Amino acid sequence: MRKYLGLLAMGCVLAFSACTDDDNPAIADREAPVISFAEGRDGFRPANNEVRLATTDHMHIRFSVTDESGIGQVLVDIHNSFDGHTHARMSNTFEALNVKDIYSADAANFAFRFPQGAKRLNVDNTATDIYWDGPTSRVQGNVLAGPYDIIISAVDIFGNQTSFADDSNYIATFFIERAYAPQVAVTNLKNGEIDAEAGELLDVRGSIAKGTHSLSSDIRFVWIRLAEEHEHNHNHSAMARVSDKVFFERMWGSSTWRQGMSGATLPNTTDLRLEDLLTGSNAITVPAGEDHLDLIVWVEDVAGNVTQKTFTVHID
């Protein structure tokens, strides 16, 4: 009888606990907010691999967050991804864009506020644009040109958070180009691609040059790769691309940002021709069994500005 009563009591406790879980929203809700496109849009801004040309001074932010229990906070975090998140000493003339915008019911910036307990936040407004030049610039001096990561994360009113582990954060890499950064051009593109034939040498014609701006500095490092074509809608950082299958890789000079990465002496620090660099033992033989590859040209100047250009190679 005592054993039966003990089991009955335990059953009652479990039943009560189950009822409590169902009745308590904080316990019942274990779902993190959902980060998606802004209302009526078909993509995020900035998009992964988006390039902000030297003629632009800002970037539009576009996304939405939903949560059935209510949104607590949303963080928009932007930082440079030049080097996998280590730090190099830089000239005081330039400053990396570094943003941590917190959207909440009581945000200090009115543009980042939403109603307490709101189930949806839609960000698609010029008031949330991020500038790197002009009176509302987020940097004190001149923005450092190069690749930047943006991470959008969210937490609901019960503490459920989006995360890297389940890919529920939005993560993308975009590029800020500036007139004072190195200039990279390929001049033998056809319909926006480099034509190639498997087994033959890749014909690449173009230039890498010091910028003509008063703030431009000499070229310090050149890194050229031929790699698997990168899907432009993937949510990962510029560093992740290093792990793509690489068919060719050469370096000249010494990198400011990537420890241990260096190569042959640069033949010139102001004006280089791609056809001169990619010749002889540095010539690229086009691999068989591929139809499209990426030719990725990464260039650093002495001041730390980075220009990365990616050209599609079409293989017959």
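A contact here means heavy atoms within 4.5 Å. In the protein chain, 73% of the contacts with a separation of 6 or more come from residues 24 or more positions apart.

This is a predicted model, where local features need pLDDT of at least 70, side-chain atom pairs count only at pLDDT 80 or more, and totals for chains, interfaces and linings use all residues. Residues are numbered from 1 along each chain as its sequence is written, and side-chain values use heavy atoms, with hydrogens and water left out.

**Whole chain.** Colour by secondary structure. There are three helices and 20 strands, taken as DSSP runs numbered from the N terminus (helices H or I, at least four residues; strands E, at least two). Of the 316 residues, 44% are buried. Buried means under 20% relative accessible area, exposed over 50%, partly exposed in between (1.4 Å probe, protein chains only).

**Stop 1: Arg 45 and Pro 46.** Select the bond between them. This peptide is cis, with omega about 0°. Pro 46 sits in the loop between β1 (34–36) and β2 (51–52).

**Stop 2: salt bridges.** The criterion is a side-chain nitrogen of Lys or Arg within 4 Å of a carboxyl oxygen of Asp or Glu. By this rule there are twelve.

Select Arg 62 and Asp 124, paired at 3.2 Å, N to O. Arg 62 lies in the loop between β3 (58–59) and β4 (63–66) and Asp 124 in the loop between β8 (120–123) and β9 (130–131), so the bridge ties together parts 62 residues apart in sequence. Arg 62 is buried at 14% relative accessible area; Asp 124 is partly exposed at 23%.

Next, select Arg 138 and Asp 101, whose closest N and O atoms are 3.0 Å apart in a salt bridge. Arg 138 is in the loop between β9 and β10 (142–143) and Asp 101 in strand β7 (residues 99–103), so this pair ties together parts 37 residues apart in sequence. Asp 101 is buried at 7%, while Arg 138 is partly exposed at 28%.

**Stop 3: positive phi.** Go to Asp 167, with phi near 65°, in the loop between β11 (146–156) and β12 (170–176). Then Asn 191: phi is about 55°. Asn 191 is exposed, at 83% relative accessible area.
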